[in-house]
Every structure is written in C-alpha cells, then in structure tokens.
Amino acid sequence: MTAVAPAVSAPIAAPAHAETILSVRDLRTQFFTRDGVVRAVDGVSFDLKRGETLCIVGESGCGKSVTALSILGLIPAGAGRIVGGSVRFEGTELTTLSEAEMRRIRGNRISMIFQEPMTSLNPVFTVGQQIAESVSIHQGLNRRQAWDRAIEMLSLVKIADPKRRAGEYPHQLSGGMRQRVMIAIALACNPQVLIADEPTTALDVTIQAQILNLMLELKDRLGTAIILITHDLGVVAETAQRVIVMYAGRKAEEAAVDELFRHPIHPYTRGLMASIPRRSAAGRRSQVRGRLQEITGIVPSLREEIPGCAFAPRCGFAVDRCTREQPPFEAHRPAHFAACWEAARVVGTPR
Amino acid sequence: MTAYIVRRLIATIPVMVVVALFVFFLLHLTPGDPAAVIAGDDASPAEIEGVRRKLGLDLPIWQQFGIYAWNLLQGDLGTSIFSNLPVLTLVKQRLEPTIVLALATLFVAVAFAIPMGVLAAWKARSFVDRLVMGFSVLGFAVPVFLFGYVLIYVFAIQLRWLPVQGYRPLAMGLDQTLRSIALPAFALGMTYMALIARITRASMLEVLSEDYIRTAHAKGVAQKSVLLRHALKNAAVPIVTVIGIGLALLISGVVITETVFNIPGLGRLTVDAILKRDYPIIQGLIILFAGAKVMVNLAIDLSYTFFDPRIRY
Ligand SMILES: Nc1ncnc2c1ncn2[C@@H]1O[C@H](COP(=O)(O)OP(=O)(O)O)[C@@H](O)[C@H]1O
Ligand code: SF4
Ligand SMILES: [Mg+2]
C-alpha cells in the first residue's frame, strides 16, 4: 500500500503546518456472517489534521459507516471486528486500547453523529438529560452544572427557548431539531474530532443546508476537525477541504476538493459526478440538490476477496489486468491520488 | 392523569356489575334447588324450607339480586353458611398471610428474573444465556407443588435452615414472618421468575439493537449504565405487563402453595369453602379477586407513563 502523503500543495487544504490529529493506516474490518466473511473495510488509510474537514464519499454499502465505527471501536463484538491496521489519535493507538480507556475518548475527544435523528436519541429521557449525561461522564460536572451546560449547548446549536426544550422528550421535537440535539451532545465536551455519518441524509432538503452550516460554523468556532461521511457530492462541494472517494471497502481516489472536482481521475468518481446536476463555472453547485444515482451495475458483494480492481465489472475503461491485479493507490497529479491502472487514459478522455 | 384515573375507576363499575351478576347466578346455575344445595345432602324438607326463607330464596329472583347488590354496595359480602360469620370477617382474618406471600413472591421473582433476563440478553447466545433460558424452561415445566416439596426437603428437613411449614404473622416480628414465607415465596415464584426472565430477555434484545443504544456507546457511557439506564427503561413496558398478568395467575398458585405449606390464607379459605360448598364465601372471594385484578390492571397501565413519556393519558 502506498503511503499517503499529506496534501501539502492542495489549493484549500488545511494549513500546511497543521498537525495530524488522527491517522488511520491500512484499516481492515470484517464481519463474520453465515454466508461468509464480509470485507467491509479493506485497507483504508488517511490522515486528519487539526480543524480540517475531510469528506468520505461513496455509494451506500461501500464501507463508510464501518470505517467510522471502527475508529471509535464500536463494531458490534458478536458481528465483526477490526482484523488489521492501526488508528492513531494524538499519538495513541486506539485499536489496542482497553474498553475503559476507549470510553474516555468516545463522546469526549472523538464524537459521532449518526444518520437517523429520529431513532438515535433515547425516547425515554429528556434531551437535556441526554446532553447532560455526556458532560457529567466526561467532565465530572454535578447535576446542576451538567444541566446548565446542556441548556448552553442547546442555545449554541440555535434551538429557540433552550430552557423549555431541555425538559422535552425527543418525540416532541422535529427531525431537524433532533439532529441539532445530536450535534449538541457530540460537541458538549469540545471534542478534537467529530465524525458525522450522513448527518443530513434523513432530513428535509430545506433543513439539510441549515444543519450543515451549523456544523461548519461550530467547527470553526471550536476548532474541531470533522470527518463528514456522505453519498452526496453536492454536500462534498459545499463543505469539504479534502475528499476521499471510497468503493467496496477501499479508497478509489483522494484529493483536495477543488482538485477533485476539476480533474477527477478514477472512473468511479467520474461516474458519481455525472450523476449530479451540472455545476456552474464557479464550481458551486446549482440550486437543485441531486442525490447520487446508481452508476450502471451493482456494488460488488464484499463476501469474496476481489483480486483486481473492485470497480472493473462496472468500468468502461477496464482492461484485462484490472480483474487480475489490484491497482496501487498512488499520486497521478500533485497531492492527488487514485487507484486505477488506466488513469492516464481516463484523464485523457473528455468527460 | 387524574381525569384518566377517574374515568378508569368509573369504567370498572360495569365490570364489577357483571362479576356480581355472574357470582349471584353461580348459585342458581348449579343444578337443583339452591336451598337444597346449601342445606346439604342429608337435610329434611323442613330444614330446606328454613334455609330458603332465611336466605330470602323464596323471593322473586330480581328482588334477590337487588338485595344482594345492595348489601355488596354496603360492603356486606354475605355470611358463611357453616361458621355463621360474615364473609368479610373471614377474609380479613386470612388476608395478611396471602398478601405477604404475594408480595414476597413478586419480590423474589422480580429481583432474580430481571438481572437474569438482562444478563441473558447482553450475552445473547452465550453459555450464560443458555443457562438462564434452560432455567426458564424448567421453571415453566415443574409444577409449583413439586418445587415446594423439593425446597421443604432440602432447606427445611435436610439443612434445617427454615421452618417446614406454617405462617408466622407480622405481629410475631418481621424476621419470623420472612423466615416462614421464604420457601413458599420461592416455590411459587419459580414459574413467575421464569416468565419474567424470558420476557425481560426478549424485550432487552429488541432494545439493545436500537440506534440510541449505539448513541449511548458513542457517548462513552459505561456498559452497566447502557444496560440498566438506557436499555432497561425502554424495555420496561412489556415487562411490567407480564408482571401484571402474572399477578392474576398468582391466584391459582396461591391456593396450591398455601396448601403445600399449610398457610392459613385466602387460598386455603377458598379450598375449604369449595369443599364445604360454602357458597357465600366462594362468591365473596370471587368478587374480591376480580376487584384486585381490576386494580392491578389500572396500576400497571399507570406505571407505563412512568417508563415511557410517549404514553400519556
Ligand atoms: N453488523 C454487520 N454485519 C454484517 N455486515 C455488515 C454489518 N454492518 C455493515 N456490514 C456490511 O459492511 C459493508 C459496508 O457497510 P457500511 O459501512 O454500512 O456502508 P456505507 O458506506 O453505506 O456506510 C456492507 O456490505 C454491509 O452489508
Ligand atoms: S483499474 Fe481498471 S477497472 Fe479499475 S477503475 Fe481503473 S480502469 Fe476501471
Ligand atoms: Mg452508512
């Protein structure tokens, strides 16, 4: 596996001096099902810098959520586990930490927001209690202080009348408000890293932008680094500094956001771009938010080991070699990486 | 909430009227002349007539029911044929052992079943889970009286830790009462425990796969707190429902247990009354049990609002 060099020359990457806070190397996570081993994450590496926004994009089922859960050690023990690789956070190896040590990191220094705001909050506790719980666990605040902090967080995520809302249960709030509460819980302890797994996918189109903007605003204010997982390239264009395109548990392409949109290398990335509404010359998306459409063909079953390029069955550029040998993930342009044998030919072909 | 309780209490009136009707006609549905039934097999015609007049059985039937219902409303459950004592007095004498037995059984069952069910769900499909489920099958399969005799044999006769049978009233001291009620409570509690453990496991398994449990882990909540705080409260509604159903089933169990352990409670009173065909006592007990059942149901329904804020009355 090619080492991932920091995207130094990238146009809008994080400041060059920013230190790496989270470093994932050759991560492999598998599930052991009755039908066989599912290679959900199959050798993923990336770095996240302090305060940076990194997007991970790809079709459903390509291993984005499993990557996120692996970082936090939340792969359900009975179903699967991390079988290889390393996750280093501020120099500490997380994959070998004890459960108790890992708990001190979760929700405190690395937080996570999930896709489903309707089901991710506990229905039998007030939202105030659920925010207060985080700070009382990690910061040892007493009941009173934790409650005050909960109200403070609710107003930070711009929920009107936070004192009253704190005493309400999740079913009394709209989807957008629940996701704001999730953000409040996630940021309550000032984490260094926030992992947001499709935080707006389940929301109304009109609410999506509000939630994204809120996250980005708070990120800037608190200096949190964000890993934003999405299957929506529109979201990527609006939020990311750097992008990783994932396919079948592996990285297909990685670059700074403008570089990626201007010079996509991997045929899969090009396929994704072809399926969103055309963007204006300035690189800004048109008003219509397009969902990623299926590229012809299906995402491969991750149950069998794929010897060559996982995209080969769907790829218009595929040659014999693609089905036999796995393409190396390497730089094809400055600070722009892709895993494709035919990269030169793809780049030479007009979109 | 108060309005709901009042409504529910009003709704119990028709239920209790139906029970009273049923109980009243119970006597008249038994084959033969009620007066002859009550007077006994070897009564002379004159004695039967005496009974008839004394109990008002010569009056038109609707008038008889009217008198019966009027007496009921005033708390008069009738008079025992054999002892000539008011049924209410007899019930009061026998109430304490039965209530103590029922509460002790409930406590034993819940105190053991819920941790067992939670553990089994947490460690689903593990050895511990199979152990708990095996025990649960056993609890269902083995009849109460058999458990009773085994417990008596081991803990009373062999180990001599606890009394073989009998009941020590609370007036003799709580420790005495608890010692006398421990074995009966376990014997009776076994089936109940099996039932609650099973439903706790099933309900917890469902809750543990919910998204908000993953959120709790992602917040750094400790495993114990995830299980007992986040999951158990969500799993509570089916569990308390089964506890309520179990309380109703407890009545037949109480009869058997009080017989095995020679406890002078309502269960024994029921058996004796049935054997002697002391109809007023049987009638009074049915009304009492029905009333208790209605109240338990109401209490269970009200408890839902405590566990689940989405349930509002
Ligand atoms: N608990 C599980 N058991 C078995 N397979 C799983 C489990 N969770 C995820 N997977 C598999 O892992 C692969 C990646 O899933 P995921 O990371 O959720 O995809 P996405 O990119 O849509 O977030 C999928 O093939 C999925 O079926
Ligand atoms: S390696 Fe081959 S199959 Fe894979 S994307 Fe490139 S051209 Fe297509
Ligand atoms: Mg996902």
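A: Axes are lines fitted to C-alpha atoms, for helices over the stretch in contact, with angles from 0 to 180 degrees between N-to-C directions. This model is predicted: local features need pLDDT of at least 70, side-chain atom pairs 80 or more, while totals for chains, interfaces and linings use all residues. Residues are numbered from 1 along each chain, chains are lettered from A and ligands numbered from 1 as written, and side-chain values use heavy atoms, without hydrogens or water.

Q: How many helices and strands does chain B have?

A: Helices (H or I, at least four residues) and strands (E, at least two) are DSSP runs, numbered from the N terminus. Chain B has 12 helices and 0 strands. Its C-alpha atoms fill a box of roughly 85 × 55 × 35 Å along the principal axes.

Q: At what angle do α10(B) and α11(B) cross?

A: Packed helices are described by the angle and the distance between their axes. Here α10(B) (residues 223-260) and α11(B) (residues 266-276) cross at roughly 90 degrees, their axes coming within 7 Å. Therefore α10(B) is roughly perpendicular to α11(B) (65 to 115 degrees; under 35 is roughly parallel, over 145 roughly antiparallel, the rest oblique).

Q: Which residues make the contact?

A: Contact means heavy atoms within 4.5 Å. Val254(B), Val255(B), Glu258(B) and Thr259(B) of α10(B) meet Leu266(B), Gly267(B), Arg268(B) and Val271(B) of α11(B).

Q: Which residues come nearest to ligand 2?

A: Near means a heavy atom within 4 Å. Of 13 residues around ligand 2, the nearest are Cys309(A), Cys315(A), Cys322(A), Cys340(A) and Trp341(A).
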